[in-house]
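Hello,

Here is the structure I promised to pass on to you. Have a look at it first, and then read on for what turned up in it.

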Amino acid sequence: MSKLLEDLKYRDLVYQQTDEEGIKELLEKESVSIYCGTDPTGNSLHVGHLLPFLTLKRFEQYGHKPVVLVGGGTGIIGDPSGRSEERQLQSLEVIADNSRRLEAQLRNIFRNSENIQFVNNGDWLGKMSMIEFLRDYGKLVNVNYMLSKDSVSSRLDNGLSFTEFSYTILQGIDFYYLNKNHNVKMQLGGSDQWGNITTGLEITRKLGGDSELYGFTIPLMLKSDGTKFGKSTGGAVWLDPEQTTPYEFYQFWFNTADADVVSTLKKFTFLEKEEIEKLAESVATEPHLRLAQKALAEEMVKIVHGDEALESALNVTKALFSGNIKELTANELNQAVKGMPKETVENKEYSLVDFIVDSKLVQSKRQAREDITNGAIYVNGEKITDLDYTISDEDKLEGNYTVLRRGKKKYLLVEYK
């Protein structure tokens, strides 16, 4: 077995292969072009999109050439895979803008890659007339064959337009085009892409194309409780740092459950087996230290956002939990307060007791005095135990808000009107 396949199996990243022996022989060659794609149906990828591209990056580690496709053509239609209802179509302008944004995010993930190639299927699908599509490609794919695809059969009861029905042929054309023009030998995708991948093989075979062509999928990522991976309490965890800050991104991975963290380290990070096994031992013997979660969070911020973003996320984490918020940069401060619950109070001086009651951090002055005396109240990261402390302009970050904390985890952003 090739070292790459051995590594992929250790990390539980092998699900379906169109020809296991053929793929094994292919990967033992010096360098092979392999592609993975995504459609720009949104203006950012989220963590649920990450795994296929990180797996593609593993292929590159072993000397193969990644080809990353952004579906500026297929995105106009939208993949029905994994959906229970028809997709709302977006304007060409929105699709083009989304394509640019997603490509920038993916380029960042592959920022240290030398042999990578980026393509957009709008460049060839967009030039094709309907007559060409029907005559040259539609004729090659039997309707019964398409009806057997999960992405189609699962939608028949609820209804499926001809537009989305035709999607698998468009993605099949991509595989044929990339093989013919860029010598791509394999398509990599999530398990939901199996039907689209095999359509590409079918189209290429019937057009007399390369016979040495393969499909490879990775398993659907599920948490130990059976729920879908990639969601937080606030919704999707985005790769766009404006939508999910590096600090929030760090916290998402840091909050991975003990039951899931080792599996997630294997699949998502590029840590060696020996290091992962050490972290697994730590989960078993000293879970309270959360060393595995810390390693996971640090690696994922580095991969997606880079070293500077990781430093910033760690600064915010330290300031919020054990440091001084006043020392944060303006950008870090914005990360720290994003997503905090908010309350608004009058812009005036307050005694600390009145301030935490008026801001609704606690319900009564008696509780406020008790919390202050017990050291449970923090103003901008600083513990305050003085009952006579006054909230003044010096406690207003950026002149406009104050961060209160009660105990270890209850935060409140207080704004002034």
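**The cores**

The largest nonpolar core holds 59 residues, and those with the most contacts inside it are Leu50, Phe249 and Trp253. Helix α16, residues 291-305, gives the most to this core, with 8 residues. Please keep in mind that this is a predicted model.

Another core lies apart from the largest one; it has 26 residues, among them Phe133, Tyr137, Leu178 and Ile197. As background, nonpolar side chains tend to be buried together in soluble globular proteins.

Beyond its neighbours within four places in sequence, Trp253 is in contact with Val47, Leu50, Phe229, Thr264, Phe268, Gln293, Leu296, Ala297 and Met300.

**Helix α5**

Which residues of α5 are buried? They are Ile95, Asn98, Ser99, Leu102, Gln105, Leu106 and Ile109. Seen down the helix axis, the buried residues of α5 fall within an arc of 135°, so they line one face of the helix. Glu93 and Arg100, on the other side of α5, are exposed.

What do the buried residues of α5 pack against? Their partners are β2, α3 (50-61), β3 (65-70), α4, β4 (117-120) and α16.

Thr38 has a relative accessible area of 10%, under the 20% cut-off, so it counts as buried. Leaving aside neighbours within four places in sequence, Thr38 is in contact with Leu45, His49, Phe53, Leu69, Val70, Gly71, Leu102 and Leu106. Leu102 and Leu106 are also among the buried residues of α5.

**Pro80, in a loop**

Pro80 sits in the loop between α4 (74-77) and α5 (92-109). Is Pro80 buried or exposed? Its relative accessibility is 2%, so Pro80 counts as buried.

Setting aside neighbours within four places in sequence, the contacts of Pro80 are Ser151, Arg155, Leu160, Glu164 and Tyr167. Take Leu160 as one of them: Pro80 and Leu160 are 80 residues apart along the chain, while their C-alpha atoms are separated by 8.5 Å.

I hope this helps you find your way around.

Best wishes

Key
Residues numbered from 1 in each chain as written. Predicted model: local features only at pLDDT ≥ 70, side-chain atom pairs only at ≥ 80, totals over all residues. Heavy atoms only, no water. Helix = DSSP H or I, 4+ residues; strand = E, 2+ residues; numbered from the N terminus. Buried < 20%, exposed > 50% of the residue type's maximum accessible area, 1.4 Å probe, protein only. Contact = heavy atoms within 4.5 Å. Core = buried A, V, L, I, M, F, W, Y, C linked by side-chain atoms within 4.5 Å. Arc of directions from axis to C-beta.
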